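This report covers the fold, the surface and the charged contacts of one protein model. The sequence and structure come first.

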Amino acid sequence: PVPGPPPAAPPVMTARPHAPAPPPPCMAPSLSGTAPPPPQHPPVAPALSVAELMAPPPPQRPAVGSVELPTRGSKAHGTGECKPCAFFHTKGCVNGVTCSFCHLCESSERKHRKKQRHALAAMGKGEVRA
C-alpha cells in the first residue's frame, strides 16, 4: 500500500478584534437617518390635596326618567317652582320624560296653586270678583 498524504494540520486561529454588537431595535437608526422619537408617557393627573381626598363625593342627582325625576319639568319639584302637569293625573301625559311639567305634584296641586294666585291677586287689588 502506498501511504497517503500526511494529515492536514489544524487551522491556526488568529486573534481578531470583536466587532461591536448591533444596537437593540429600539435604538437602531431608522432608514431615513433620523433618530426615533422619544417614548411617549401618559399624562400625569395633578396630585389631590388632603382636603380633596377627605371631602365627600358630590351628591348624585337622579336621572331624568327615574322614579325620583320622571320628567324634565320635575327638576324644580322640591322648590315649589315646578308647574304641575295638567294631564298626568287625568287622561295621562303623552310627552313622557320630555314633558316640561312636573309629574311629582299631587293631583290637587294645580288647583291649590291657582287658589293661591287668586288670593295674592286679591290682596294686591283689594277686591276679588268670582
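How many helices and strands does the protein chain have? The chain has two helices and zero strands, taken as DSSP runs numbered from the N terminus (helices H or I, at least four residues; strands E, at least two).

## Basis

This is a predicted model, in which local features need pLDDT of at least 70 and side-chain atom pairs count only at pLDDT 80 or more, while totals for chains, interfaces and linings use all residues. Residues are numbered from 1 along each chain as its sequence is written, and side-chain values use heavy atoms, with hydrogens and water left out.

## Chain totals

Of the 130 residues, 10% count as buried (under 20% relative accessible area; exposed is over 50%, partly exposed in between; 1.4 Å probe, protein chains only). The chain exposes about 12200 Å², and carbon and sulfur atoms supply 64% of that area (Shrake-Rupley method, 1.4 Å probe; for residues, only the protein chains shown count as cover).

## Helix H1

Helix H1 spans residues 50–54 and includes Val50. Val50 counts as exposed because its relative accessibility is 62%.

The whole structure holds one salt bridge (a side-chain nitrogen of Lys or Arg within 4 Å of a carboxyl oxygen of Asp or Glu). Glu109 pairs with Arg113 in a salt bridge, with 2.8 Å between the closest N and O atoms. Both residues lie in helix H2 (residues 109–125), four residues apart, about one turn of the helix. Arg113 is buried, at a relative accessible area of 15%.
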